Amino acid sequence: MTRLVIGLGILAWVAGVAWGLQKIQTYASTPGRTAVAPAVWPGSTLVAPVAGRDTLVMFIHPQCSCTRASLAELQTILDSSHGAVAAWVVVLKPHGMSDDWTHSETWDTASHMANVTVVMDDEGSEAQLFGAETSGHTVVYSAAGQLLFTGGITRARGHVGDNIGRDRVLSLVQTGNADGDTHEVFGCGLHDPHPRVDGAADDAT
Amino acid sequence: MKRFVRDDQTLRQVAARADEIYARESQVQHSSTDRAFLWLLLAQWAFAIVLAAVVSPFAWEGKTRSIHLHMQIAVFFGGLLNALPIALILMRPGWIGTRITVGIAQMLWSGVLIHLTGGRIETHFHVFGSLAFLAFYRDWRVLIPATVTVAADHYLRSYFWPESVFGVLQPEWWRVLEHVGWVAFEDVVLVLACVRETKLFRRLAEREATLEIAHSGVERQVEERTQQLESEVAERRAREDDLREARHAAEAASNAKTVFLANMSHEIRTPMNGVVGFTNLLLDTPLDAEQREHVQIIRQSGETLLNIINDILDFSKVEAGKLSVENRPFDLRAVAQQVVSLLSPQAVQKGLYIDIRVGDGFPEQFVADGGRVRQVLLNLVGNAIKFTLHGRVLIELDLVQASPGGKDVVRCMVSDTGIGIAHDKQSLLFQEFSQADASTTKLFGGTGLGLAISRRLIELMGGLLDFSSEPGVGSRFWFTLPVLPVTESMIDTIVLEDLASPNAAPGDAVVATLLETPARGPQAPPSPPHVLVAEDNVVNQRLVKRMLENLGYTVDMANDGAQAVTLAVAGQYDLIIMDCSMPEMDGYQATGEIRRIEQEGGLPHIPIVALTANALREDREKCLAVGMDGYLSKPVTQEQLRTVLAEFLSPQKALLTTPPSTRNAAPVVAEESGLAT
């Protein structure tokens, strides 16, 4: 009887652990929602492009822990761009939230990054303007105002490391060319929940 | 171990016990490591929850938050990871399944941590640390499933999501092998350590088993030896009890023998008193030559019988250890003269010469028991005369060692020209009841006790008695004595003691009496001494009465102690002669009663002299203790009566007594000691 109980326990445990691992894996590798970014630099925006340089804008949620990985990858890109790109970090401030809520650890991290301009995005209007739905969403526009890249620069939620999005951005800022212009975004949702319209995963935050 | 293990059976016992100890120690080790992992798993779980709460407590969508999946993973998945190993640790500690599960769970924790940190190289150390921790089990089998878990996790992740374990998008194909290789390297090290520790613990178990078995063997031996000792002690105690009982029985038998001898002596002396006494009286009457010879033979036979009785008494006292010596100054030369005088008639009768030679410097007096020395010398000279048919007997007195301020040593040697002693019989000479030749007894008489008693007496006085003899040539017997020289102060003390003593010599007693009781002497012309005799034996009554009347006394007779008390109180007696053993009231009780009446009534003290067949020294002491003034042992002669009674009568009355009748020379019967054997 005891052996049976132990055997059943082991089986249940193995199943539970496998389920859990799969859940972790699924969570980490499920991208957030995305929207279409304007192909040409929009006119009415807080972000002011620098003449003669490409402009990189990252939209982040100030309380999203996964965004630390996106900022880390941004730092990697900037370290390799040697000033070839003007970088902006736009921090979400939803309606009704205080400035302190926005000035989080993530804000501080971005503020301390060299050659990065941090601006507050009241009620997410800037994000909506550039079609950003998920924290860490990054867009790159050429000095001429043409969209070069839109998407995420991490492989999974909160994971630092090699990934296609970062490599494409790096290639753009270094060579002006890339093998693609988009990548999945992994992070918290920038906007309050609303019915899914594009088939994105429910659990993407 | 070889010193203790001596056979196959013991070897098997040691091996079996070592297995038990090893299993027990392994179980302890496994259980304790299980408990350590229990705390580690709980700590990891708690750490994961705290970390998730700090780093990523919430997930956000705009301003809407929800519990972050990391937090849920930490709480629930961490709990799930821990659930089975902790349950097994609590329910089945030490079980191999438990520790294998623990190893797998620990490796899963490593995989999750590595995944969540994006394959940070630092997080990989959790794998190595966990494997090292698993080595605490000292069971290399635990490392295998743990390693397989790590390898599988890495392989699957490298296949599906390489960045989560390698940190790069496209790792080289051998990165998995590299990671697994390092783990395998650590595994090899840990397996070797486990095997070595296992062997070490095995040896320790064997050593402990050997010690236990050796210890149990020693304990068993100690227990057996203790039981043996207890048995021996009990046996020894039983033997001691037996010996004690045997000694008590022997002492009782000895006492019974002593009492028997004393009684026999008493019973024999009483009729012998009549035989010898009336023989002496008969010799004082007109007899023809033949009648006189017959009577003298009767008297000699009686005296010989008394000597035998005295020897037996002495011997019984020697055996009972009751023989004592009284050291007083005496002159051995005078004693030798007395002995010669005493035994001269026998020597003359056999045509022998007896001489005394005194060496230069021989002390005139020294301190020893003169009575005992006289007894020994009498025995030696008597024997010399007895066993010498012609020739001479020589007594030589020499000072063999002079020690100023200490004890001198004197020697007295008696040599004869007698028959000598055969060499093969000489060793029997000092044995009791033995003579050199059985035929000797027939020829010369004697009990064979004399020399044995003499040697005991001399040894009692600290001396030695020995002899040399040549058959047909003669014998030499000698004894040496350590003696104290006499000093003037000693003489003064002894004289005063003698004056105060009831045993003082007649002359001394007279002087003492005159000095102490001047009023006792009668003013009017003295009447004959009036004596009361308490005696139950009719023969002895008649004998004593006849002797006293011969001595000039007037005599009243009492048949027992009570009558003696009545007459003593009513009459005016100058002296009472008291037999000790009488019916109804014995002499001791009667004396005590008379003394009590005298004291209460303020009456004058009547001298009481014991006349008893109880011849032991303690009998005399007992008599004096109850209030008697003198002591005479049976058989008694008329001369002894005269001498002793004169001590206690007033000088005037003493002078009235008739001098002793003329009688044939005969050895004086000593009060206690016998003569030659």
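What percentage of the 205 residues of chain A count as buried? The answer is 44%. Keep in mind throughout that this is a predicted model.

**View 1. Chain A, from end to end.** Here we have six helices and six strands. Walk along the sequence of chain A and the pattern reads α-β-α-β-α-α-β-α-β-β-α-β. Take the contacts in chain A with a separation of 6 or more: 79% of them come from residues 24 or more positions apart.

View 2. Most residues other than glycine have a negative phi. Look for A:H82 in the loop that links α2 (67-81) to β2 (85-93) of chain A. A:H82 has 10 other C-beta atoms within 10 Å, so this residue is exposed. A:N115 also has a positive phi, near 60 degrees, and is likewise a residue other than glycine. The loop holding A:N115 runs between α4 (105-111) and β3 (116-122) of chain A. A:N115 counts as exposed because 12 C-beta neighbours lie inside 10 Å and the cut-off for exposed is 12 or fewer.

**View 3. Where chain A meets chain B.** On the A side, 29 residues are in contact with 29 residues of chain B. Sort the chain A side by class and you get 12 nonpolar, 14 polar and three charged residues.

**View 4. Helix α1 of chain A against helix α2 of chain B.** Two packed helices are described by the angle between their axes and the distance between the axes. For α1 (residues 2-29) of chain A and α2 (residues 69-91) of chain B, the axes come within 10 Å and cross at roughly 160 degrees. That angle is over 145 degrees, so α1(A) and α2(B) are roughly antiparallel. Their crossing is left-handed. From α1(A), the contact is made by A:G9, A:I10, A:W13, A:G16, A:V17, A:G20, A:I24 and A:Y27. Facing them from α2(B) in this contact are B:L69, B:I73, B:F77, B:L80, B:L81, B:A83, B:L84 and B:A87. By class, the residues of this contact come out as 13 nonpolar, three polar and no charged.

**View 5. A hairpin in chain B.** Strands β8 (residues 464-470) and β9 (residues 474-485) of chain B pair in the antiparallel sense, with seven bridges. One bridge pair to pick out is B:E470 with B:G474 of β9(B). Three residues sit between the two strands of the hairpin, and B:G472 in the turn has a positive phi of about 85 degrees.

**View 6. The five-stranded open sheet of chain B.** The strand order is β11-β10-β12-β13-β14, and the pairing is parallel. At the edges are β11 (554-558) and β14 (630-633), each pairing on one side only. From one strand to the next, the twist averages 20 degrees. Strand β10 (residues 530-534) is joined to β11(B) by five bridges, and B:L532 has B:D556 of β11(B) as its bridge partner.

**View 7. Helices across the chain B sheet.** Helix α15 (residues 538-551) lies across β10, β11, β12 (575-578) and β13 (608-612) of chain B, running at about 165 degrees to β11(B). Helix α16 (residues 561-570) lies across β10, β11 and β12 of chain B, at about 160 degrees to β10(B).

**View 8. Helix α16 alongside helix α17 in chain B.** Now follow α16(B) to its contact with α17 (residues 587-601) of chain B: the axes are 8 Å apart and the angle is about 25 degrees. This makes α16(B) roughly parallel to α17(B), since the angle falls under 35 degrees. The crossing is right-handed. B:G561, B:A564, B:V565, B:A568 and B:V569 make the contact from α16(B). The α17(B) side brings B:G587, B:Q589, B:A590, B:E593, B:I594 and B:I597. Altogether the contact has seven nonpolar residues, three polar and one charged.

Definitions and conventions
Residues numbered from 1 in each chain as written. Chains lettered and ligands numbered in written order. Predicted model: local features only at pLDDT ≥ 70, side-chain atom pairs only at ≥ 80, totals over all residues. Contact = placed C-beta atoms within 7 Å. Nonpolar A, V, L, I, M, F, W, Y, C, P; charged D, E, K, R; others polar. Helix = DSSP H or I, 4+ residues; strand = E, 2+ residues; numbered from the N terminus. Buried ≥ 20, exposed ≤ 12 C-beta atoms within 10 Å, placed from the backbone. Pairing = 2+ DSSP bridges. Axes fitted to C-alpha atoms, helices over the stretch in contact; angles between N-to-C directions. Parallel < 35°, antiparallel > 145°, perpendicular 65-115°, else oblique. Left-handed = near helix turned anticlockwise from the far one by under 90°.
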